[in-house]
Amino acid sequence: MAGILVYALHDDEGNFNKNSLGALSEAAKLAGELGSEASAIIVGDVSDDAAKGLGAYGVKKVYRAKDVPEGLAQPIVDAMAKVMTDNDISYALFGGGLLGFEIGAGLTARLNAGVTMEVTAVRAEDGRLVVERPILQDSQIADVGYVAEPGIIIGRLNAFDENETGGEAEVEDVAVELSEWSSKAKLVKRGEQRGEDVNIEDAEILVGGGRGLGQAENFKMAEELASSMGGAVAATRAVVDAGWYPYAAQIGQTGKTVAPKLYLAAGISGAIQHKVGMQNSENILAINKDQNAPIFEFCDLGVVGDLHKIVPKLTDAIKAKKGG
Amino acid sequence: MKICCLVKEVPDAAVEKRIDPETKRLDRSGEKNLNPFDTHAIEAAMQVKEGGAPVEEIVAVTMGPDSAVRALHKAVALGADRSVHLTDAALEGSDVAATGYALAKVLEKESPDLVLLGQQSDDGECYTIGAVVADHLKMPSLTQVIKMDAADGKLTCERQAEYGYDTVEVELPAVISVGDAINEPRYPSLKAIMGAKKKPLDSHGAGDVGIEPDRVGQSGSRTAVLELRPPPQKEAGEIIEDEDTNETVEKIVVWLDERKLI
Ligand SMILES: Cc1cc2nc3c(=O)[nH]c(=O)nc-3n(C[C@H](O)[C@H](O)[C@H](O)COP(=O)(O)OP(=O)(O)OC[C@H]3O[C@@H](n4cnc5c(N)ncnc54)[C@H](O)[C@@H]3O)c2cc1C
Ligand SMILES: Nc1ncnc2c1ncn2[C@@H]1O[C@H](COP(=O)(O)O)[C@@H](O)[C@H]1O
């Protein structure tokens, strides 16, 4: 059997992660092409109904490891390694996200497997899976194959779409013995929200602020520009980690995914992990003083210059235009 | 306590990176530098030491060709006490699985209490080496850590995961990859730069650290690059250089107006 196992991540309320659900649908499609089956694995206290419900995304079977805690990678590596070995499963697939990287990497070592990451597409070829992985800041696409199975595939954020086809999965509870080192990390607090709760998902116009703003106080400038256009302000992880702006405003791999009519990036380099959260914006305008910044590779209008000079004048000009 | 920092030599950010179409590997000619993300790992080690934890030694460890010695010198200039260079023709072309295995073997020999890495290599961008190494070493691990306090044989770490910030307690020995927001790396002093070449540097071949030859190099890798191609062309955006800001702003407003965005 050449099955595919997908890790379905959930939050403390039991809601499944959208990218995990996308990975389930992708696995179901690929399993069809390989002539095998896709299954899911969940850990923690997930109800029977929620577990069965994953069948709606095309998986026939859900393995549930109730005693394995959710939220840290290594206990889940123990669970997935056991399920893959016991059931002779050839591939593990992860939707985009931080935990998928860590679990996938751990499994690679544990199962002596091959691993690919930041994968944007997968296809079956001669009974094996082949992946597409953009490299060197998306300037090249590599087709990568597995020399031997098992193979670990870590998807890029939003690479796989959810496809609800209906149906129920069979649930099998598995008992997993944790390895000694897996119990040596403990989650003390999960999912802490830092900073106020802001709504950026409903905004048609977003001004994204990055490290180029220089300091927390300069977010005022971004807020004034956004309000001149009736929009909201978003941020990169770099500035959120630095405490300059609330986590709820973060765009990207471990933040939100948005697609406004306008995304105006001010002082943002355009790293892949940021790009994946905003690349589907209808219009992207970037202001950056470094002409080699990656953001200039995928924006619609790029302005090479100092945002401290440009942004205040732009705000005034927009206000004047609207007023007149 | 002994801390090992994994460091890598990467092409300088200003050099355009390209793939050699013959070998399908990164063309490594041209200017090179210490992976900038790894300077945060060394700085984190220095801060543990200066924070009062009993750190006997900080060791920089790399796997790479002869030239990678320069990355080790830079790491020593930033504060490492000595360095270890794993280098062997048999390791060339190793993929993530093979690299992680080989690094774990060289680390086993050092038996550190803490292994620190950067959040990503500037060229490979795999984000995974830390967790691969950790599982081989049978140590707990965490990646993308932006705050780390060491006390009583354990670390209290913070990092951003899918639902917000997580706080995690990790027992030592452990493998931690640090995010670039964890600290502001210091500049090396001229004296440290000059003295770096005089600090001890051990060089090991694959056999010296017990690496099984069939698990490394291109032949021992579990993945293979089949083909490389450019991505679908996106229509290039318009670029304005800001010379006269009033003019620039006028052009931006016209652009926004044409698209009915204001
Ligand atoms: C696993 C993982 C997950 C991640 N998740 C996310 C995520 O969810 N979201 C996210 O955003 N990032 C994420 N990152 C981080 C990401 O890789 C980048 O580090 C981050 O996006 C960079 O933020 P930035 O553009 O603000 O900063 P930088 O990359 O430092 O860019 C600042 C830019 O500002 C420009 N600049 C400086 N001064 C001026 C000026 N005066 N005028 C104009 N321009 C100026 C500079 O030229 C530079 O291009 C993640 C990384 C990893 C490894
Ligand atoms: N060849 C290598 N030698 C030593 N350390 C490495 C090597 N490759 C990667 N690393 C470490 O692993 C981190 C993450 O790299 P990567 O998983 O390739 O993005 C880097 O920041 C380095 O600290």
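Predicted model: local features only at pLDDT ≥ 70, side-chain atom pairs only at ≥ 80, totals over all residues.
## Interface extent

Chain A puts 89 residues in contact with 75 residues of chain B. The area buried between the two chains is about 7300 Å². Carbon and sulfur atoms give 57% of that area. On the chain A side, Leu136(A), Trp181(A) and Leu301(A) lose the most area to chain B, together 9% of what that side buries.

## Polar links and composition

Seven salt bridges are found across the interface of chain A and chain B. Arg159(B) and Glu102(A) meet through their side chains in a salt bridge, at 2.8 Å from N to O. Helix H4 (residues 98-110) of chain A gives the most to the side that touches chain B, with nine residues. By class, that side of chain A has 42 nonpolar, 24 polar and 23 charged residues.

## Strand pairing between chains

Strand E8 (residues 140-146) of chain A pairs with strand E14 (residues 223-229) of chain B. The sense is antiparallel, over six bridges. Val144(A) stands opposite Val225(B).

## Sites within chain A

Pro246(A) sits in the loop between helix H6 (237-241) and strand E14 (262-266) of chain A. Its relative accessibility is 8%, so Pro246(A) counts as buried. Glu196(A) is 50 residues away in sequence, yet the C-alpha atoms are 5.8 Å apart. Pro246(A) also touches residues including Arg194(A), Val198(A) and Val240(A).

## Sites within chain B

Lys2(B) lies in strand E1 (residues 2-6) of chain B. Lys2(B) counts as buried because its relative accessibility is 16%. Its contacts include Glu56(B), Glu57(B), Arg82(B) and Asp113(B).

Helix H2 (residues 69-77) of chain B has buried residues, among them Leu72(B), His73(B) and Val76(B). Just after H2(B), Gly79(B) takes a positive phi of about 140 degrees.

Note on methods. Residues numbered from 1 in each chain as written. Chains lettered and ligands numbered in written order. Heavy atoms only, no water. Helix = DSSP H or I, 4+ residues; strand = E, 2+ residues; numbered from the N terminus. Buried < 20%, exposed > 50% of the residue type's maximum accessible area, 1.4 Å probe, protein only. Contact = heavy atoms within 4.5 Å. Buried area = accessible area lost by both parts, 1.4 Å probe. Salt bridge = Lys/Arg side-chain N within 4 Å of Asp/Glu carboxyl O. Nonpolar A, V, L, I, M, F, W, Y, C, P; charged D, E, K, R; others polar. Pairing = 2+ DSSP bridges. Lists of a residue's contacts leave out its neighbours within four places in sequence.
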